[in-house]
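User: I would like to learn how to read the packing of helices and strands in a protein model. Could we work through it feature by feature?

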Amino acid sequence: MTHGGISYFGIRHHGPGSAESLVKALQELQPVAVLIEGPADASPLLPLLASPDMKPPVALLCYPEDDPAATSFWPFAEFSPEYQAALWAVANKVALRFIDLPSAARLAEKASESLTDADPAEAITEGQGEEPMRIQDPIGTLARAAGYEDGESWWSDIIEQNPAPGPIFAAIADAMTTLRDGEGAIGKFEAMREAHMRLEIAAARKEFDGPLAVVCGAWHVPALQAAHTHKSDQVLLKGIGRRKTTMTFAPWTGPRLASGYGYGAGVVAPGWCKHLWQTRRQGDASVLWLARIASVLRAKGHMISTASLIEAERLARALAAIRERPKPGFEELRDASIAALFNGEALLWKMVEAELLLGADVGEIPSDTPLAPLIDDLQRNQKAARLKPEALERELSVDLRSESGLFRSTLLHRLNVLGVNWGRLTDIGRSRGTFRERWMLAWQPEYAVRLVENLVYGPTIEKAANGRLIQMIGTASTLDALATLVQNAITAALREASAAGLAALEEKAGHSSECLELLASVPPLADIIRYGEARKTETERLAGLLERLIIEGSIALPYAARDLDAQAAAALVGALRKADEAIKLVEPDEHVLEAWRNGLAAALDSSRSTALVAGCAAHLLYEAGCLSAEATADLLGKRLSPGTPVADAAAFFEGFFSGAGQRLIYDEGLRGAVDGWLASLDEEAFIAHLPLLRRVFSNLDSMERRRLIEAVLVKRASLPAGLTPAPDGGEAWRRHFDLLGKLLAGEPSHG
C-alpha cells in the first residue's frame, strides 16, 4: 500500500465501508497532501465539497463551452470515499487535488458516455483504435474464488459492512495486482488516465515533503504503484485533445447513484449504503434498518407490531447464516421483512422498496458556488417559490388566483419549455380549463444538463425560455403547431415569445386554408382567452384572431369533408369536436356562431361529405339546438335506412353517437331510429358491425347500459319497466337483440 512515502488507497466509489476505512487510515497516516482520482482541472473546486452548505448527493459538472450538450458528471454521495477524503483534507488543512485526466481531454477523447471512472464495481474499460473493448469483472472473479455467486455480495461482506483500518487496502492492492497480471494490456484511454495520474503523483512527490495519500479506484492501484519512466508516460499523453471547458457543482439525487439507473460506478442500493454510513457508530445496522422499515410502513397506515419486528430480525440472521454471510445485508432484511411484516406478499414490499433502497435525497449547492447561470437562476426561483426539488414524485396543487400559485405555475411552465420537466400537469385538459392546476413533481439530475444546453438561449430561466420558444416559433410549419406554441408562451408569461408567436400566427392564418390546421388551432387559443384573467394576459388581439380562424375554418369545412379515407375522416372529426367545445367555452359573437353552424350544416347536407364527418356535424348541430328532436330522428331514419349502404350508415352512426351514446337513453326519437336501423340489418351485417357498436357504447358505465337496455325493452314490449318482453320480428331479430343486449351489458359477443 505504501511505496516511497506514497500510500495508495484502493476504494470502491460510493462504498460506505471503503469511506470509513479510508478516514481511519488518513487519520493514522496524517498525509501532507491528498490526491484523488478525478479531473485535474477541477482541483480548485474540490474544497467547496467541505462547505457547510454543500449537502450531497452532488456532482461535479463539466461541459465544453462550445458544446454544452456534451456535459459530464462526477457524482459524490455522503458515503463516497472521495467526498470523505476531501472533508478530511480541508478539516486538517492539507493540500487537496484531483489527478486524473483533465475534463477537456476526456471530452475530446469521447472515452465513454457517462465518463465515470472504471472501478471494481463498474468493471468496464473501453478500448480505442485497434484495441477491442474488453469487459473486466475483478470483483466477480474474487467473489467466485471465495465461493460467492456475485461480486456485490462479496464486496459488501468483506469491505462495506466490515470496515477495517489500513491492512485492508494492502490486501485489496495485492488482489488487484494478481487480477491485472492475468488480464494483459489495457485499452489506450485507460492507459492514458493512469499515465496522467502517475505524472501528477510524481509532481506532488517533488512538491511536498511528507507522506502523500492517493485515493483511487481499487483497479488502478497496481498500475499507479508500478514503475514507469516519466518519458514513457509523457509519450502516452502526447497529442492529448483539449477543449475549453466550464466546471461547477450541480445537485444530484439518491436514485441516480444506483447502478440500476445506468450509472456504471453506481451501487445497487444507495439508500442502504447511506444507512450503513449514518449508523456506523449507532449500533446494529440490521436492527436500525428494520426500525426504519417499520417507520415507513406505519407512516403509510400499516400496523407493524414489535413482535413482528423481532421475528423479522431473527429470520434475517438465520438467512445470513444459511447463506454463509457474516451478517444480514439488505437482501436478507428484505426477504425477512416480506415474510414477517408483509405476510409473504412481495408486492407490498414494492410499495416501500424505492423509498428505502434508493432514497429521495436531492443535493444542495452553496449560494457562493460558481454555477452555470441557468442553474443559479433556477435555485433562486426555487427558493422564491418555496419548492424544494425531490427525487420521488409528489403532487402539488396550484391556485392561479394567488400570487404564489401563479409564480409557481409560471416557473414550472417555463422549465417545461426548456425541456426540464421537473413538474408535469396530471390532467392537462382540466388544468388548462380551470383556475387550479395539479402537478406531479420529481427532480432528475439530467435536468441540470438540459439547463446547460439551453444557455445558448439566455442566462436566466425567463430569457432562455423566451429564446427557445422564439426559435421554435420560427421553425413551426403548421398553424396548429404555432397556436400551441403561442399557448405555451402565454401560459409561461413569456412576453417576447408571445408577441413573436402572435405575429407569426396572424401571418400564417392569412395564408392558410387547410381546414384541419384552422380547427386544430382553435382550442389552445380559446383556452387562453377564457382563462386569460387568471394569468393576467391581454386577450383582445387574440380574440379577434380566434374569431377569424373559426370563420375561415367554417368556410373550409364543407370542402374538407369531401371524399376522405378513414384516417383523414377520423382526424377531421376529432378536430371538429375539440373546436366545437372550445367555441362553446369562449362564447363568441352571434355572427361567429352562425358561421360555425352554417359550416356544419353545409358539411351535413353535401352529398360528397364523408359519412363519418356528416354524422359528427349532425350531432353538433343537434346539441346546439339547430336540429329538433323530430328532424334529427327523421335524419337518422333516412341515413340509417335499408337503402343506404351499410358502411355509410355505420360511419354516420359512429360520427353521430361516438362519445354521445347517453343520448339514446333519454331521447326516444333517436332511440327509435337506431332501433329500426338495427332491425333492418341482416345477420351477417349486424355481426360485422358489432365492434363498431361496442366502440360507440364503450363510454357508457354499467348503470347507463342497464338503463339503455331497459328503455329498449320497455319500448318494444310496451310493458312497464322490469317486465320481460316477448319481442316479435322473427328469429333473426331475436339473435340481433340477444347480441345487442350482451354488448350493452359488457359481455363478449361471438358470431
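User: At what angle do the axes of helix H15 and helix H16 cross?

Analyst: Two packed helices are described by the angle between their axes and by the distance between those axes. In this predicted model, the axes of H15 (residues 373-385) and H16 (residues 403-417) cross at roughly 150° and come within 10 Å. Angles over 145 degrees count as roughly antiparallel, and therefore H15 is roughly antiparallel to H16. The crossing of H15 and H16 is left-handed.

User: Which residues in H15 and H16 meet?

Analyst: On the H15 side they are Leu-378, Asn-381, Gln-382, Ala-384 and Ala-385, and these meet Phe-407, Arg-408, Leu-411 and Leu-415 in H16. By class, the residues of this contact between H15 and H16 comprise six nonpolar, two polar and one charged.

User: How far apart are the axes of helix H25 and helix H26?

Analyst: The axes of H25 (residues 566-586) and H26 (residues 590-605) are 12 Å apart, and the helices pack at an angle of about 160°. That angle makes H25 roughly antiparallel to H26. The handedness of the crossing of H25 and H26 is left-handed.

User: Which residues of H25 and H26 meet?

Analyst: Leu-576, Ala-579, Asp-580 and Ile-583 in H25 meet Leu-593, Trp-596 and Leu-600 in H26. The contact of H25 with H26 consists of six nonpolar residues, no polar residue and one charged residue.

User: Turning to strands, what is the order of the open sheet of three strands?

Analyst: Strands of a sheet pair through backbone hydrogen bonds, in either a parallel or an antiparallel sense. Here the order is S5-S4-S10, and the pairing is antiparallel. Strand S5 (72-76) and strand S10 (245-251) are the edge strands, each pairing on one side only. On average, neighbouring strands of this sheet are turned by 20° against each other, direction ignored.

User: How many bridges pair strand S4 with S10?

Analyst: S4 (residues 58-64) pairs with S10 over seven bridges, in the antiparallel sense.

User: How many residues of strand S3 are buried?

Analyst: Seven of the seven residues of S3 (residues 33-39) are buried, so this strand is largely enclosed by the rest of the structure.

User: In which sense does S3 pair with strand S6, parallel or antiparallel?

Analyst: S3 and S6 (residues 95-100) pair in the parallel sense over five bridges. Within that pairing, Pro-39 stands opposite Asp-100 in S6. S3 is also joined by four bridges to strand S9 (residues 212-217), and these two strands run parallel. The bridge partner of Val-34 in S9 is Ala-213.

User: Finally, how many helices and strands does the protein have?

Analyst: The secondary structure comes to 35 helices and 13 strands. Of the 751 residues of the protein, 52% count as buried. Among contacts with a separation of 6 or more, 74% are between residues 24 or more positions apart.

Technical notes. Residues numbered from 1 in each chain as written. Predicted model: local features only at pLDDT ≥ 70, side-chain atom pairs only at ≥ 80, totals over all residues. Heavy atoms only, no water. Axes fitted to C-alpha atoms, helices over the stretch in contact; angles between N-to-C directions. Parallel < 35°, antiparallel > 145°, perpendicular 65-115°, else oblique. Left-handed = near helix turned anticlockwise from the far one by under 90°. Contact = heavy atoms within 4.5 Å. Nonpolar A, V, L, I, M, F, W, Y, C, P; charged D, E, K, R; others polar. Pairing = 2+ DSSP bridges. Buried < 20%, exposed > 50% of the residue type's maximum accessible area, 1.4 Å probe, protein only.
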